[in-house]
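This briefing is for a reader who has not seen this structure before. Please look over the sequence and the model, then read the points below by topic.

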Amino acid sequence: MTTYEMKNTLDGYPADALLQVGLPDIKFYAEGNQLQALCPFHEDHKLGNFGFNLSKNCWKCFVCGKSGSGVYSLIMEKNGWSFAKTLRYLYDHRGSSVSRITEAPPLTLRQKGVKSLLKPAAPIPVADKVSFDPNPSPEDVDMAYSCFAAASPLSPLWVKSLQGRRSVHPMEFPYFFRFPSSKDDEFWKKFREQLSAHGASELYSRLLGIPGFYWNVKEEKLSFVGCPGALGILNHDKDGLVNGIELRLPDSMAKNMRYMPFSSEGICLRNPDECKYGVSQGSIVDVVPPLFSDVPIQGIAVTEGKFKALQLSKMGYLTLNIRGVGNWRQIFPVLKELADDGENTSRVYIVFDADSRRNPPVAEHSANLGKALLEDGYETYYLTWPNNCGKGVDDVVNAGQRGKIRTVAAERFLETTLLPFLERAKARRGAANAG
């Protein structure tokens, strides 16, 4: 299991659940959208000095000054662990994650004038005309990523490949771009020109704080993570704003992983003396609306991967694309937001790969998602097809086998397929351990 694969799975767990696994000796309390605890870095006696902001994914003590971004950095700082050791521990003990933190702070530990991490923090000066903004707006993220992609468009060869191998519709080409090199001065020039052309030239000085970008300490300049020449993929939120970038690595490099997020927290945790102000992309949900308005909307589909999401969008589904099946928990806030916007979210289709019937971890996530949707009152279905038709729904459609796709009610698919398979897998593991 690679570091990326472990992080991809762990990112699907709520922050408070991971904190309880990695920091079992710290008692956290829920206060609005913030977790409070006695500061673990100095002798603290009252709540209010230390907090973890769940919406901003950051933590800070207003007394000793310790602060950081994300669950992993807090666990690393408290335990003195490396990034890799932190991921390994959380991954190995993820089964012991407890329920969400809901207990309110007791009166005996409260103090007056409790400080809140919910207030936006001011940008931090980094260098001349460059600052770290820990609270970029969704509009700033959208503008930065859109201009980033526009500065490195697809080559004709990429367009031909996407249209031929992946059946990407011309209207879908704007989702993709050629991922650039951070050492390409010509790209940086075009990037700044794109920002200026959109009236956002000042955003260049505030790129730190947007996932993917970081400060190169040695060279004293902005930089970004990634793989030059990879296929860049833009993800969007429910309002159509770009909320993240994903990279599809070239086949020659995709031995341990095929996709990676545009996220700069990891490089800064691994190389704190060389890289600073990196931010995690987190577990975003990519919302892909139906491509053709004349196709009746079939419902909400949940899948893993942009190419699968695009095929489902052409079939009339409003699709929620998650990065890794372990991130299924992230769809529930989006479903609620879509419902609040008037979208019909009562019918949800789970569309994971065919190996969900042969791969125990995938089957477990698929089953847990189905059960969670049913418990929340959603009319839930699975799309399924014979194994020999293809692994993913996009493979099935591209092979001309769309007619082989069946819709099965979740209760039936769980009872007849997923749960029996998981029981057999559990029995095999028990027998192997006993032997």
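Where is Glu 220 found? Glu 220 sits in the loop between strand 9 (213–216) and strand 10 (221–224). The model is predicted.

**Loop residues with positive phi**

- Most residues other than glycine have a negative phi.
- Glu 220 is not a glycine, yet its phi is positive, at about 55°.
- Glu 220 counts as exposed because its relative accessibility is 60%, and exposed means over 50%.
- Lys 129 also is not a glycine and has a positive phi, of about 65°.
- The loop that holds Lys 129 runs between strand 6 (124–127) and strand 7 (130–132).
- With a relative accessibility of 70%, Lys 129 counts as exposed.

**Helix 4**

- Helix 4 covers residues 83–92, and its buried residues are Phe 83, Thr 86, Leu 87, Leu 90 and Tyr 91.
- These residues span an arc of only 125° around the axis, so they lie on the same side of helix 4.
- An α-helix has 3.6 residues a turn, so residues three or four places apart point the same way.
- The partners against which the buried residues of helix 4 pack are helix 1 (3–10), helix 2 (15–22), helix 3 (70–79) and helix 8 (265–270).

- An open sheet is formed by 6 strands in the order 15-17-16-18-19-20, with mixed pairing.
- Strand 15 and strand 20 (406–409) are the edge strands, each pairing on one side only.
- From one strand to the next, the twist averages 30°.
- Strand 18 (residues 347–350) and strand 19 (residues 379–384) run parallel and are joined by 4 bridges.
- Opposite Val 348 stands Thr 380 in strand 19.
- Helix 10 (residues 331–340) packs on the sheet and touches strand 15, strand 16 (299–304), strand 17 (317–322) and strand 18.
- The direction of helix 10 makes about 150° with that of strand 17.

- Asp 286 counts as buried because its relative accessibility is 1%, and buried means under 20%.
- The side chains of Asp 286 and Lys 306 are joined by a polar contact of 2.8 Å.
- A polar atom of the Asp 286 side chain also lies 2.8 Å from the backbone nitrogen of His 236.
- Leaving aside residues up to four places away in sequence, Asp 286 touches Asn 235, His 236, Lys 306, Thr 319, Leu 320 and Asn 321.

Key
Residues are numbered from 1 along each chain as its sequence is written. This is a predicted model: local features need pLDDT of at least 70, side-chain atom pairs count only at pLDDT 80 or more; totals for chains, interfaces and linings use all residues. Side-chain values use heavy atoms; hydrogens and water are left out. Buried means under 20% relative accessible area, exposed over 50%, partly exposed in between (1.4 Å probe, protein chains only). A polar contact is a pair of N or O atoms within 3.5 Å; within protein, one must be able to donate a hydrogen and the other to accept it, and residues adjacent in sequence count only if both atoms are side-chain atoms. Contact means heavy atoms within 4.5 Å. Helices (H or I, at least four residues) and strands (E, at least two) are DSSP runs, numbered from the N terminus. The arc is that of the directions from the helix axis to the C-beta atoms. Two strands pair if DSSP finds at least two bridges between them. Axes are lines fitted to C-alpha atoms, for helices over the stretch in contact, and angles run from 0 to 180 degrees between N-to-C directions.
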